[in-house]
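User: I would like to go through this model with you. Could we begin with the chain as a whole and then turn to a pocket?

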Amino acid sequence: MRKSKPKKRILLPDPKFNDVLVTRFVNDLMVDGKKSIAFRIFYDAIDIVDEKMAKKEEKPALENITPQVEVKSRRVGGATFQVPMEINPMRKRAISVKNMILFSRKRSGRNMAEKLAAEIMAAYKEEGAAFKKKE
């Protein structure tokens, strides 16, 4: 490669949970630069999940929809093959967050917070569209 790799941007943690992953999730959730609305949607969804689910064990729903391998095209001779390859941990997290948001937007529901909460609960129970996409 001729160019050097671009340096990673440092994200500030969110104000409520003090977690960088929440900030990354909200940045992907945000539409048209409306960050405060995206934070409100996320926090409302977390409140809905806390109300509806009893805390049995602390296992994040995001881990259930995180893919382990992905297929990439490799050209050998004249043929193109789909070869499964291990994914970088940063890309794993990005794919799982984007799938969670994509499939929660496609869900039916009253508002985005409810749809996101429903998708989080479905991922926790290892069901739902985002989990099927991982499989």
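User: What share of the 135 residues in the chain is buried?
Analyst: Buried residues account for 33% of the 135, where buried means under 20% relative accessible area with a 1.4 Å probe, protein chains only. This is a predicted model, in which local features need pLDDT of at least 70, side-chain atom pairs count only at pLDDT 80 or more, and totals for chains, interfaces and linings use all residues. Residues are numbered from 1 along each chain as its sequence is written, and side-chain values use heavy atoms, with hydrogens and water left out.

User: And how many helices and strands does the chain have?
Analyst: The chain has six helices and two strands, in the order α-α-α-β-β-α-α-α along the sequence. These are DSSP runs numbered from the N terminus: helices are H or I with at least four residues, strands E with at least two.

User: What does the C-alpha trace span?
Analyst: Along its principal axes, about 55 × 35 × 30 Å.

User: Which residues are closest to its centre?
Analyst: Of the 14 lining residues, those are Lys8, Arg9, Arg24, Met90 and Ala94.

User: Which element gives the most to that lining?
Analyst: Helix 4 does, with five residues.

Note on methods: On a 1 Å grid over the protein atoms alone, a cavity is a set of points where a 1.4 Å probe fits but cannot get out, and a pocket is an open set with protein on both sides within 12 Å along at least five of seven lines; lining residues have an atom within 4 Å of a point. Buried means under 20% relative accessible area, exposed over 50%, partly exposed in between (1.4 Å probe, protein chains only).
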